[in-house]
Amino acid sequence: MTGAPAMLDNKLVKWVDQRLPIFTMMQHSAIDYPTPKNLSYWWNFGSLAGFMLVVMIVSGVFLAMHYTPHVDYAFASVERIMRDVNYGWLIRYIHMNGASMFFIAVYIHLFRGMYYGSYKAPRELLWWLGIVILLLMMATAFMGYVLPWGQMSFWGATVITNLFSAIPFVGNWIVTLLWGGFSVDNPTLNRFYSLHYLLPFVIVGVVGAHIWALHTTKSNNPLGIDIKGPQDTIPFHPYYTAKDMFGVGVFMVVYALFVFFAPNLLGDPANYIPANPLQTPAHIVPEWYFLPYYAILRATPDNFIGSWMGFTLVPAKLAGVILMFGSILLLFVLPWLDTSRVRSARFRPIYKWVFWLFVICCAALTWAGSQPPEGPALWVARLGTFYYFFHLIVLMPLIGWFERPLALPKSIAEPVLSGGKA
Amino acid sequence: MRAPVRTMASVALAAAFLLAPVLPARAIEDVVPPHRHWSFQGFFGTFDRAAAQRGFQVYKEVCAACHQLRFIYYRDLGALGFNDDEVKALAAGYEVTAGPNDQGEMFKRPGQPSDRFVTPFPNDQAARAANNGALPVDLSVVVKAREHGPDYVYALLTGYGDVPKDAPKDFKLQPGMNYNAFFPGHQIAMPPPLSDGQVAYADGTKADVPQMARDVVTFLSWAAEPEMEARKEMGVKVVLFLIVLSGLLYAVKRKVWRDVH
Ligand code: HEM
């Protein structure tokens with residue numbers, strides 16, 4: 001699009017670039033990259049998630065220098081980091097709250113994609129890679145939470161690894177493999193530590209592919225229409241670099257408020273009790289970002305799928321596990337469940353509202369997941385679970401089919417011209 | 001050979017999984033401890049040094065008979081306002097087991113500031129044996145490890161009494177247990193640790209139970225988060241810096257975007 005990058009004026013840069021064109025590549029994908037000029041602040045959360053990934057890896061590497069992955073020392077080593085390592089408390093609170101901030105960024109990023117139809121053709125693979133990142137993040141955060149070896153670390157690990165035993169035939173084998181023995185114990189802690197160090201780098205790789213796909217299909221935008229020509233775009237730098245930097249600034253203010261003034265607000269106090277395999281805590285609750293799935297897991301009634309005449313087709317536990325994993329896996333087929341040809345909810349008078357019902361549904365599931373599965377909370381979990389799947393499987397295809405979308409603007413550059421009439 | 005072990009383990013864990021959500025239904029509902037004002041709360045809160053020093057005295061003379069504080073070193077007391085000589089003298093007042101020496105024997109020597117707080121019992125089993133089978137928990141992080149932190153510990157220490165008349169019929173105090181209005185389940189193995197005038201405060205503060213409870217909770221809150229003051233102090237600077245930075249970045253963004261429309 002543009003000529004030779006200006007930085008190639010430098011002899012050394014040019015020498016390198018002729019042998020390995022990394023400067024040309026940078027110029028191409030971080031500077032010239034043509035970006036729709038109308039992106040809103042909702043588009044900041046992608047770069048914020050990337051920022052958090054870097055923060056997690058850097059803080060994690062420093063934690064790893066002082067952490068001891070052994071059931072007898074893990075808890076004490078984390079306390080030692082908090083008390084005796086210079087600024088250890090800072091590093092740990094950055095990492096601990098960083099996981100929450102990472103999920104906040106990614107969840108907003110994901111809902112943004114759902115509102116503006118960013119998963120639809122031609123961005124299906126981009127969307128898939130995003131879900132793969134989410135799954136990897138969940139695995140990473142789950143295993144990271146086990147490392148401090150508090151009560152919730154231990155019992156969370158016990159409950160979640162046990163879910164795999166519901167899988168027919170191979171279930172018990174998988175569980176033994178995860179444990180490295182016959183219960184959550186030292187081998188479990190060791191393998192989780194190893195994987196907790198590994199997976200973030202796998203995420204980096206998938207993020208690379210995610211961005212590669214993005215730069216191939218180009219960014220979606222609030223209007224959800226294609227880029228028609230150069231008049232619709234601006235170069236990524238300096239426009240979006242400046243905007244993303246501002247986003248990072250504001251995001252860091254919120255992050256810092258947690259780290260410095262409420263570092264344990266999002267955590268469970270019980271994780272400051274050393275793990276005790278002989279004492280089950282009253283409530284076993286995962287971190288907040290897992291609560292919706294936890295609610296879905298525990299929502300299935302005992303007689304969910306056919307328990308006639310003493311014959312159980314799918315046991316409640318297995319049904320819960322299927323629904324829980326299904327709630328995420330279903331997102332893979334969202335591009336085909338959504339039958340609307342229009343991407344942006346801005347031009348979809350019905351979906352626009354139904355989308356917010358879905359957000360409320362996820363919030364309700366989050367709440368229900370934090371409560372013991374009884375009374376009203378159980379019913380919220382059941383209704384929420386039902387609506388979650390109803391939304392994706394029934395409403396998405398149906399609404400796309402009968403909804404009459406508003407007229408789309410002709411192009412990003414002249415939205416008002418055609419948006420008004422028609 | 002191993003199959004039965006595996007089966008038993010799976011059954012036990014499956015039971016734990018299935019029962020976990022059922023168990024919390026207790027005989028008596030947990031009580032939310034009343035909220036109190038603490039000097040160390042809020043954006044600029046700091047530990048009341050005098051209270052923390054008195055609290056240390058309560059810990060030392062009362063709680064230390066049963067509870068350890070294994071993450072704290074004598075040197076850490078400097079942060080509460082004790083000077084170096086006082087810390088040295090305090091540490092020297094304890095006997096620590098060190099070694100082995102050249103002969104391969106453990107020996108006793110006076111404590112040093114670099115030693116951890118000595119523990120009342122050699123191991124958990126001994127601690128249980130001396131306490132009716134119950135384990136006096138390590139108090140280093142207990143304030144962080146309980147819902148409602150300082151409010152809860154205060155309520156616990158001041159919440160002893162007789163079983164109330166309106167307690168459910170099936171509530172029976174087990175032998176060796178004590179009624180406590182705030183402990184989950186309302187039976188606690190810890191006997192009421194505080195009684196009026198139990199310690200003699202050097203600064204003349206009247207040592208009644210609420211006062212001692214307040215002081216020891218302040219001390220334990222410090223023990224749980226010794227970094228708190230440094231953290232908040234740094235936090236104020238970092239947050240102000242980030243707000244200014246964000247303002248500048250916004251100005252830059254505006255300037256860059258001026259010509260786009
Ligand atoms: C995707 C990025 C990552 C996520 C979401 C994540 C998440 C977590 C979480 C939730 C914890 C538990 C924190 C706590 O409650 O104490 C944790 C602990 C830990 N993580 Fe990570 N982590 C990430 C990357 C890394 C990396 C790359 C490393 C090592 C290079 C690392 C090393 C550690 C260590 C040593 C601990 C134990 C110390 C502690 O519990 O504070 N993490 N991580």
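Start by selecting Phe169(A), which sits in the loop between H7 and H8 of chain A, where helices (H or I, at least four residues) and strands (E, at least two) are DSSP runs numbered from the N terminus. Phe169(A) is exposed, with a relative accessible area of 86%; exposed means over 50% relative accessible area, buried under 20%, and partly exposed in between, using a 1.4 Å probe and protein chains only. Its phi is near 65°, a positive value in a residue other than glycine. This is a predicted model, in which local features need pLDDT of at least 70 and side-chain atom pairs count only at pLDDT 80 or more, while totals for chains, interfaces and linings use all residues. Residues are numbered from 1 along each chain as its sequence is written, chains are lettered from A and ligands numbered from 1 in the order in which they are written, and side-chain values use heavy atoms, with hydrogens and water left out.

Next, select Tyr87(A), which has a positive phi of about 55° although it is not a glycine, and which is found in the loop between H4 and H5 of chain A. Most residues other than glycine have a negative phi, and most peptide bonds are trans.

With that in mind, turn to two peptide bonds. The bond from Ala121(A) to Pro122(A) is cis, with omega near 5°, and Pro122(A) lies in the loop between H5 and helix H6 (124–146) of chain A. A cis peptide bond also joins His237(A) and Pro238(A), with omega about 5°; here the proline, Pro238(A), belongs to helix H10 of chain A.

Now centre the view on the iron atom of the ligand. Which protein atoms are its donors? They are NE2 of His95(A) and NE2 of His196(A), lying 1.9 to 2.0 Å from the iron, where donors are N, O and S atoms within 2.8 Å of the metal (3.2 Å for Na, K and Ca), and water is not among the atoms, so sites may look incomplete. His95(A) is in helix H5 (residues 88–115) and His196(A) in helix H9 (residues 186–217) of chain A, so that the pair, 101 residues apart, links distant parts of the chain. The 6 donor atoms around the iron subtend angles of 87 to 180°, which makes the arrangement octahedral; six donors count as octahedral if opposite donors are over 155 degrees apart and all others between 65 and 115. His95(A) is buried, with a relative accessible area of 16%, and His196(A) also counts as buried, at 16% relative accessibility.

Select Glu79(A) and Arg83(A) together: they form a salt bridge whose closest N and O atoms are 2.8 Å apart, a salt bridge being a side-chain nitrogen of Lys or Arg within 4 Å of a carboxyl oxygen of Asp or Glu. Both residues lie in helix H4 of chain A, 4 residues apart, about one turn of the helix, and both are buried.

Move to Asp226(A) and Arg343(A), whose side chains meet in a salt bridge at 3.1 Å, N to O. Asp226(A) lies in the loop between H9 and strand S2 (233–235) and Arg343(A) in the loop between helix H13 (334–337) and helix H14 (351–370) of chain A, so the pair ties together parts that are 117 residues apart in sequence. Asp226(A) counts as partly exposed at 40% relative accessibility, whereas Arg343(A) is buried at 11%.

Finish in chain B with Arg54(B) and Asp215(B), whose side chains meet in a salt bridge at 2.8 Å, N to O. Both are buried.

Key:
Four donors count as tetrahedral if all angles lie between 85 and 135 degrees; four count as square planar and six as octahedral if opposite donors are over 155 degrees apart and all others between 65 and 115; anything else is irregular.
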